[in-house]
Amino acid sequence: MNAPVPNTRFETACAETDTRTVASLFSGCGGMDLGFVGGFNFLGKTYASLANRIIFANDMSEAACRTYQENLGHDIMAADIEDAMRQLPRRCDILIGGFPCQDVSVNGQRQAAQGQRTVLYRKMIEAIRHTRARVFVAENVRGLLSCEFGDRVLSDFDLPGYAVTTEVLLASSYGVPQNRERLFIVGVRGKRPFKFPERSVDVPITARAAVSDLEDAPENSDIKHIWSRAKRSPEQGSRTLKADAPATTMRAEHHGNVQWHYSLPRRISLREQARFQSFPDNFHFPCAMRETERQIGNAVPPVLAWHLAKAIGDQVFA
């Protein structure tokens, strides 16, 4: 990787005030990491900087690493997880990661234990043992709970010395304009079990509220307000958003068949997809369309991650 690009987009806690070190695996373009660092704005609300400092990040996608580095402002190791494990720090306070989920996703091949990707969760467990992290956060699709293989995964994360709790969180309950459900596994070493944060909004943000300012905006590649020309097709390729409800789940592998706009005769743009995932407007994706779609769809919504990170700070490190 090249030298880190200076961070001009987001505030981060100063090194002098950092109190917690974070190691990140399967980091993608940095959605969860941005949430754990904080210091960004979304739809007019400020999500304050948190006292967390990323000391290690890794993803095998060089394109995702470019996006991560440009926006998070520090280096990330672009390498296979096996190679990354050799450079993992000896200690960290928090270890986070969204291990690959395609093998158990309802939209994937449901290979589960036979899949080559979901079994990578074992690398997270190896990393937890290696770093003796005080807290770990693992994220995956809800579908993990509905397959036999999921029982093994949850059992393996129930590590000695950790109080482990699991919860399916609905992103729209935390200020993300998307009905995205994801499973979080949180372990706290030597402490009482983590209590997941209560919902932060009483009324979910609707699709119209999230992107109505872009309705009349012309295409603009500089801000990624560009959209797929894929024609309507059955099932996934014909889904249309509802104006007065949060967006349905942003997917990573839809091959241009992303949801249709709630009122316009076009599919939603990349910037609108990023909005529905709660990425700030100044989060830049220096990639082509399909790769940007992949990065957005694979990400943990930063706003959801921020609420989780703040709760961890309040409960574990207060």
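The following legends describe close-up views of a predicted model.

**View 1. Overall composition of the predicted protein model.** The protein contains nine helices and nine strands. Of its 318 residues, 56% count as buried. Among contacts between residues at least 6 apart in sequence, 72% join residues at least 24 apart. The protein exposes about 14,000 Å², of which carbon and sulfur atoms supply 48%.

**View 2. The open sheet of seven strands.** The strands follow the order E5-E4-E1-E6-E7-E9-E8, and their pairing is mixed. Strand E5 (77-78) and E8 stand at the edges; each has a single partner strand, so one side of each is left without a neighbour in the sheet. Helix H4 packs on the sheet and touches strand E1 (20-25), E6, E7 and E8. The direction of H4 makes about 170° with that of E6. Helix H5 also packs on the sheet, where E7, E8 and E9 are touched; the direction of H5 makes about 25° with that of E9.

**View 3. Strand E4 and its pairing with E1 and E5.** E1 and E4 pair in the parallel sense over five bridges, and serine 24 stands opposite alanine 57 in E4. The pairing of E4 with E5 is likewise in the parallel sense, over two bridges. Here asparagine 58 has methionine 77 of E5 as its bridge partner, while aspartate 59 stands opposite alanine 78 in E5. Six of the eight residues of E4 are buried, so this strand is largely enclosed by the rest of the structure.

**View 4. The two faces of helix H5.** Helix H5 spans residues 148-157, and its buried residues are Phe149, Gly150, Val153 and Phe157. Seen down the axis of H5, these buried residues fall within an arc of 100°, so they line one face of the helix. The face turned away from the buried side carries the exposed residues Glu148 and Asp151. The packing partners of the buried residues of H5 are helix H4 (121-131) and the strands E7 (135-141), E8 (162-170) and E9 (181-189).

**View 5. The largest nonpolar core and a second, separate core.** The largest nonpolar core has 46 residues. Those with the most contacts inside it are Phe36, Ile94, Val135, Val137, Phe184, Phe194 and Ile312. At least two residues of this core are supplied by each of helix H1 (31-37), strand E2 (40-42), strand E4 (52-59), helix H2 (62-72), strand E6 (94-97), E7, E9 and helix H9 (302-316). The largest share, nine residues, comes from H9. A second, separate core of 31 residues includes Val119, Ile125, Val153 and Leu159.

**View 6. The surroundings of isoleucine 94.** Neighbours within four places in sequence are left aside in this view. Isoleucine 94 is then in contact with Arg20, Thr21, Val22, Ala23, Phe36, Asn52, Ala133, Val135, Ile312 and Phe317. Among these contacts, Phe36, Val135 and Ile312 are listed with Ile94 as residues with the most contacts inside the largest nonpolar core.

**View 7. Glutamine 273 in helix H7.** Helix H7 covers residues 270-276 and includes glutamine 273. This residue has a relative accessibility of 2% and therefore counts as buried. Leaving aside neighbours within four places in sequence, glutamine 273 is in contact with Met250, His254, Val258, Ile268, Glu293 and Ile296.

How values were computed. Residues are numbered from 1 along each chain as its sequence is written. This is a predicted model: local features need pLDDT of at least 70, side-chain atom pairs count only at pLDDT 80 or more; totals for chains, interfaces and linings use all residues. Side-chain values use heavy atoms; hydrogens and water are left out. Helices (H or I, at least four residues) and strands (E, at least two) are DSSP runs, numbered from the N terminus. Buried means under 20% relative accessible area, exposed over 50%, partly exposed in between (1.4 Å probe, protein chains only). Contact means heavy atoms within 4.5 Å. Accessible areas come from the Shrake-Rupley method with a 1.4 Å probe; for residues, only the protein chains shown count as cover. The arc is that of the directions from the helix axis to the C-beta atoms. A nonpolar core is a set of buried Ala, Val, Leu, Ile, Met, Phe, Trp, Tyr and Cys residues joined through side-chain atoms within 4.5 Å. Two strands pair if DSSP finds at least two bridges between them. Axes are lines fitted to C-alpha atoms, for helices over the stretch in contact, and angles run from 0 to 180 degrees between N-to-C directions.
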